[in-house]
Amino acid sequence: MAGPKEITPDVRWGLMDAALSVVSPRSAARRYAARVAISNLRRGYEAASRGRGTAGWKVGGTAADAEIAAAGATLRDRMRDLVRNNPIAAQAVQVLVNNIVGTGIRPRAATADPALNRQVDDLWRRWAARCDDHGHTDFHGVLCLAVREMIEGGEVFAVARYRRGAHARDLRLRIELREADHLDSARFDNRADGTRISQGIETDRDGRRVAYWMFPDHPGHNDPIVNHRLESVRLRAQDVAHLFERQRVQSRGVPWGTPAMRAIRDVDDWQTAELVRKKTEACLVGIVFGADEDQQSIAPVIEDGMGNRVEQFEPGLIAYARGGKDIKFNQPASTAGVYEWHRTQLHIIAAGFRVPYAMMTGDLSQANFSSTRAGLNEFRRMVEQIQWQTVIPMFCEPIWRWFIKEAQSQGLLPDGIEILAEWGPPKFESVNPLQDVQADLLEVRAGFSTLPQQIARRGYDPEEILTEWADFARKADAAGLVFDSDPRKVSKAGLVQTTDPTAPPSGDN
């Protein structure tokens, strides 16, 4: 019977180990164990190895809040500068806002009472039209600006304000947006009762947010006429909605384009340098050289009418050297691979912003129908994730709760009833509308979804659609009109239905 197979160790017993084991076996054992540990580390993650390839890779084990506290303000300022002055950054932000918000994320009451739902929806529409505390726009405009601030500045705050309306039945609730700069990030405290303040955010002993310390006026105001209030004020957390994307266990957000900021800046500098080089090469200059031994400089020398020497390059310039016998012109050099390099850098920037390259640049030369649709599918999944996991729970839902609470306190809605909302994000524009509509129709007919769900996906209220359809159908019947879009009287193939649409179905009808 064969014995156990001998296993050869990866770390061999060397001459130094053997010699040391004779003098001090314990030291030899420790030395050999250290060599084995080093060998195991080398067999681990290559990215964690230390050597010449990773010598300049400096990392730290700091928490997310510590990193944001140190770099958050600088990142916001730089991203805002890029959005103001760089068209690529501005377009990337606009594409994200267009797809996440679009024309608005619309709620509809979801209770068991249809009459109450209509009452709540009507009240919401009246309030949403004038909910902006600054009076500029409606709820959808406030939401659009909030998402833009989240993408560009990393975070934004919505503060509940209560103003007396023009009529007694007007809701007093108003929404005020504040940029991240309003938060007193320099306020820290650790109290005896267990509450803490970190970067202006106050939490209880369990880590739940209870208050925000914010400046009433923007610290960046430089108007000498305005009397700035630079002492932070405590606002209850239940009156503040904090919108930001959580990428780690963190308390604040960072601009979305942070991974692409260096790339944008480098491309900007490269474009400026390339433009200057081309302008310099475009200055066609002819220099007449001579054999004058007194001429000490090979630079072109020109004298004006006063006899003063002028040394400069201008388009079409011909510079004469004393005793000139020969003339030479500069030859502009051609640059190869500029377009390919630039497109590669724009792909990197698009990946940093999480935006498809074609949508950010408008360049569809390298795209076809299949690749465009596949890229849009992944982008839309990301957008839906942000809508349902960030924007709706962190911004829309708190404002809805403020709205319901204030309406109940003013007696405009019945008290003691929990009124939830179903949110309908804007629909995505279809790349192939016919196929998509056919797929939606098959889903409804197969029972995979309902007609109200399909209507809500397009950003409309199913109740409003049904009411509008019923009203229009009655008017069309009264006028004796039959439209091809009326499924009661016209079949899917466009043929007139001969059966009574109001009769109960029977047999093959």
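This is a predicted model: local features need pLDDT of at least 70, side-chain atom pairs count only at pLDDT 80 or more; totals for chains, interfaces and linings use all residues.
Where in the chain is the place of Gln199? Gln199 is found in the loop between strand β5, which covers residues 196–198, and strand β6, which covers residues 201–203.

**The chain as a whole**

- The secondary structure of the protein chain comes to 13 helices and 15 strands, and 34% of its 509 residues count as buried.

- On the α3 side the residues in contact are Leu82, Val83 and Asn85, and they meet Pro87, Ala89, Ala90 and Val93 in α4.

**Salt bridges between separate parts of the chain**

- The structure holds 27 salt bridges, and one of them joins the side chains of Asp133 and Arg163, with a distance of 2.9 Å from N to O.
- Asp133 lies in the loop between α5 (114–128) and α6 (139–153), while Arg163 lies in the loop between β2 (155–162) and β3 (173–179), so this pair ties together parts that are 30 residues apart in sequence.
- Arg163 has a relative accessible area of 39%, and it therefore counts as partly exposed.
- Another salt bridge brings together the side chains of Arg252 and Glu155, with a distance of 2.5 Å from N to O.
- Because Arg252 lies in the loop between β9 (240–244) and α7 (261–281) and Glu155 lies in strand β2, the pair ties together parts that are 97 residues apart in sequence.
- Arg252 counts as buried because its relative accessibility is 4%, and Glu155 is also buried, with a relative accessible area of 1%; the cut-off that this reasoning needs is that buried means under 20% relative accessible area.
- A network of salt bridges links Asp189, Arg191, Glu202 and Arg234.

- In helix α13, Asp471 and Arg474 lie three residues apart, which is about one turn of the helix, and their side chains meet in a salt bridge with a distance of 2.3 Å from N to O.
- Asp471 is partly exposed, with a relative accessible area of 31%, whereas Arg474 is exposed, with a relative accessible area of 53%.
- Trp469 is also found in helix α13, which covers residues 462–478, and at 39% relative accessibility this residue counts as partly exposed.
- Trp469, Phe472, Leu481 and Phe483 make a nonpolar surface patch of about 390 Å².
- Asp484 has its place in the segment after α13, and it counts as exposed because its relative accessibility is 57%.
- Although Asp484 and Val496 are twelve residues apart in sequence, they are 8.5 Å apart in space, taken from C-alpha to C-alpha.

**Residues with a positive phi**

- Most residues other than glycine have a negative phi, and this is the background against which the next points can be read.
- Gln199, in the loop between β5 and β6, has a phi near 55 degrees, which is a positive value in a residue other than glycine.
- At 4% relative accessibility, Gln199 counts as buried.
- Arg354 has a phi near 65 degrees, again a positive value in a residue other than glycine, and it lies in the loop between α8 (338–353) and α9 (357–361).
- Arg354 counts as partly exposed, because its relative accessibility is 26%.

Technical notes
Residues are numbered from 1 along each chain as its sequence is written. Side-chain values use heavy atoms; hydrogens and water are left out. Patches are made of residues with over 30% relative accessible area and no salt bridge: like charges are joined within 9 Å, nonpolar side chains (Val, Leu, Ile, Met, Phe, Trp, Tyr) within 5 Å. Accessible areas come from the Shrake-Rupley method with a 1.4 Å probe; for residues, only the protein chains shown count as cover. A salt bridge is a side-chain nitrogen of Lys or Arg within 4 Å of a carboxyl oxygen of Asp or Glu. Helices (H or I, at least four residues) and strands (E, at least two) are DSSP runs, numbered from the N terminus. Buried means under 20% relative accessible area, exposed over 50%, partly exposed in between (1.4 Å probe, protein chains only). Contact means heavy atoms within 4.5 Å.
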